[in-house]
Amino acid sequence: MAETTASVRRLSSADAKRCDLYSGPTVIAPPENMKAPCDANGTATRLERARKSIDETASDRATPEVEQPDPSSTDKFALAFDIDGVLLKGGKALPESIGAMKYINGDNPPYIFVTNGGGKTEEERCIDLSRQLQMEVSPGQFICGHTPMREMAEAYQTVLVVGGEGEKCRVVAEDYGFKDVVTPGDIIKSKHDTTPFRKLTEEEYRNSRDRNFDETTIDAIFVFADSRDWAGDQQIILDLLMSKNGRLGTRSETFDEGPPIYFSHNDIVWSTSHEHSRLGMGALRTSIEALYKELTGKELTTVAFGKPHLGTFGFATRLLREWRKETYGIDQPPATVYFVGDTPESDIRGTNEYNQISDTDWFSILVKTGVYRDNKTPQYPPRKVCEDVMEAVKFAVQRELGEDQWELVEIPFWSLQRKEWTQSDPVPMNPSDLSLVGRLSK
Ligand SMILES: [Mg+2]
């Protein structure tokens with residue numbers, strides 16, 4: 001018994017590491033609130049329920065004639081969640097989100113996460129999300145704004161990568177296979193008056209790389225994550241856009257020789273813990289386009305990935321297909337994907353437009369916990385408006401299965417591993433070994 005528990009990995013634990021993502025069996029960690037001390041009566045009740053659950057599990061296996069829930073009933077649909085403003089706000093889980101995940105986490109329909117955010121590797125972000133939502137999130141069910149940029153790594157030799165904390169986005173870009181990654185810090189280090197009011201901190205100076213920009217041609221600009229220094233980053237981006245063939249220090253006479261610029265998404269605002277939405281990467285894009293026009297008299301063509309870009313939804317479709325196949329053994333597309341988001345301009349617009357070209361029914365659900373507030377009609381209307389993510393998952397499950405076919409039950413967390421139960425599995429003697437999940441009613 002001890003061996004079984006020692007070998008499991010829990011990404012939501014405080015000491016989870018990147019290598020844990022790829023080793024050991026998958027388990028669902030018990031929710032944090034179940035680790036809290038409880039009174040003797042509560043413990044006794046939970047133990048009684050646990051024993052009952054084990055008895056039922058064992059007797060189900062021993063007597064195959066007992067009616068089993070139809071395993072295909074949750075195969076017909078899938079869920080996709082935006083993160084900021086739906087599940088998290090200001091880096092913390094919204095209260096409804098942990099309950100919503102429990103609601104679908106037993107006989108769960110497959111689900112993925114599609115966020116425009118970024119700035120870390122997908123693996124790091126999944127470890128964060130596992131902790132925040134008190135559940136397991138695999139890189140196999142996660143897309144962030146810059147994920148599609150991975151497919152562009154072969155196309156360019158030297159690239160400028162903008163945004164994010166410290167060196168993190170350079171690490172992500174190199175991890176994606178970009179061969180030669182330059183940051184604004186490298187440029188400021190080589191020529192400090194590039195940005196008159198921006199000085200590198202000691203750490204930034206140490207991390208920035210020495211190079212001779214007189215001999216460097218920058219082939220493309222990638223804004224991976226939100227800029228931490230708009231003034232400095234805009235100056236450097238505009239210098240390159242107005243250059244001859246991406247060579248810093250030069251100026252094009254025709255202003256059509258600069259490198260292309262790609263943004264990982266185009267959200268003008270996003271939802272944080274502040275009472276009003278904050279400016280996002282789309283605002284930087286708008287600003288760069290306006291400044292370029294002001295300085296050169298020409299229109300700048302930029303490219304943005306992320307939602308509502310249909311390529312991101314195509315990417316999500318491929319990810320969902322693989323996730324369903326590898327984790328659930330389902331080798332056919334779902335009839336319906338419910339997309340739960342808070343931003344009409346990206347989540348709802350993208351879902352509705354992708355639905356026009358997809359064989360699967362992409363069903364848009366707008367929640368009121370993020371960018372969208374109740375006081376205005378959204379420019380891109382969803383097919384359903386819900387108060388929060390809990391109401392959204394209940395709506396989707398009940399629309400698919402009917403009201404009476406789903407219940408919340410407490411079960412041993414190891415029984416969520418989708419494997420056969422054996423006598424050597426740990427018997428839950430502790431409330432922390434139990435997990436509250438939604439399941440098909442028997
Ligand atoms: Mg959002």
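Predicted model: local features only at pLDDT ≥ 70, side-chain atom pairs only at ≥ 80, totals over all residues.
1. Residues are numbered from 1 along each chain as its sequence is written.

2. Overall make-up. The protein has twelve helices and 17 strands; helices (H or I, at least four residues) and strands (E, at least two) are DSSP runs, numbered from the N terminus. Of the contacts between residues at least 6 apart in sequence, 71% join residues at least 24 apart, two residues being in contact if their C-beta atoms, placed from the backbone, lie within 7 Å.

3. Six strands form an open sheet in the order 5-4-1-13-14-15, with parallel pairing; two strands pair if DSSP finds at least two bridges between them. Strand 5 (142-143) and strand 15 (384-386) stand at the edges with a single partner strand each, so one side of each is left without a neighbour in the sheet. Helix 11 packs on this sheet, where it touches strand 13 (336-341) and strand 14, and its direction makes about 160 degrees with that of strand 14; axes are lines fitted to C-alpha atoms, for helices over the stretch in contact, and angles run from 0 to 180 degrees between N-to-C directions.

4. Strand 4 and its partners. Strand 1 (residues 77-81) is joined to strand 4 (residues 111-114) by three bridges, and the two run parallel. Within this pairing, leucine 79 stands opposite tyrosine 111, and phenylalanine 81 stands opposite phenylalanine 113. Strand 4 also pairs with strand 5 in the parallel sense, over two bridges, and there the bridge partner of phenylalanine 113 is phenylalanine 142. In a regular strand the side chains alternate between the two faces of the sheet.

5. Strand 6 and its partners. Four bridges join strand 6 (residues 158-162) to strand 8 (residues 220-223), which run parallel, and the bridge partner of valine 161 in strand 8 is phenylalanine 222. Strand 6 pairs with strand 7, again in the parallel sense, over three bridges, with threonine 158 standing opposite aspartate 180. Four of the five residues of strand 6 are buried, so this strand is largely enclosed by the rest of the structure.

6. A helix pair. The axes of helix 3 (residues 95-104) and helix 12 (residues 389-401) come within 8 Å and cross at roughly 20 degrees. The two helices are therefore roughly parallel to each other, a term for angles under 35 degrees, with those over 145 counting as roughly antiparallel, 65 to 115 as roughly perpendicular and the rest as oblique. The contact is made by Glu96, Ser97, Gly99, Ala100, Tyr103 and Ile104 of helix 3 and by Val389, Met390, Val393, Lys394 and Val397 of helix 12.

7. Two single residues. Isoleucine 188, found in helix 6 (residues 184-190), counts as buried because it has 22 C-beta neighbours inside 10 Å. Leaving aside neighbours within four places in sequence, isoleucine 188 is in contact with Thr194, Thr195, Arg198, Leu200 and Gly232. Threonine 360 lies in the loop between helix 11 (344-357) and strand 14 (361-367), and counts as partly exposed because it has 16 C-beta neighbours inside 10 Å. Not counting residues up to four places away in sequence, threonine 360 touches Pro333, Pro334, Ala335, Thr336 and Val337; threonine 336 is 24 residues away in sequence and 5.7 Å away in space, C-alpha to C-alpha.

Terms used:
Buried ≥ 20, exposed ≤ 12 C-beta atoms within 10 Å, placed from the backbone.
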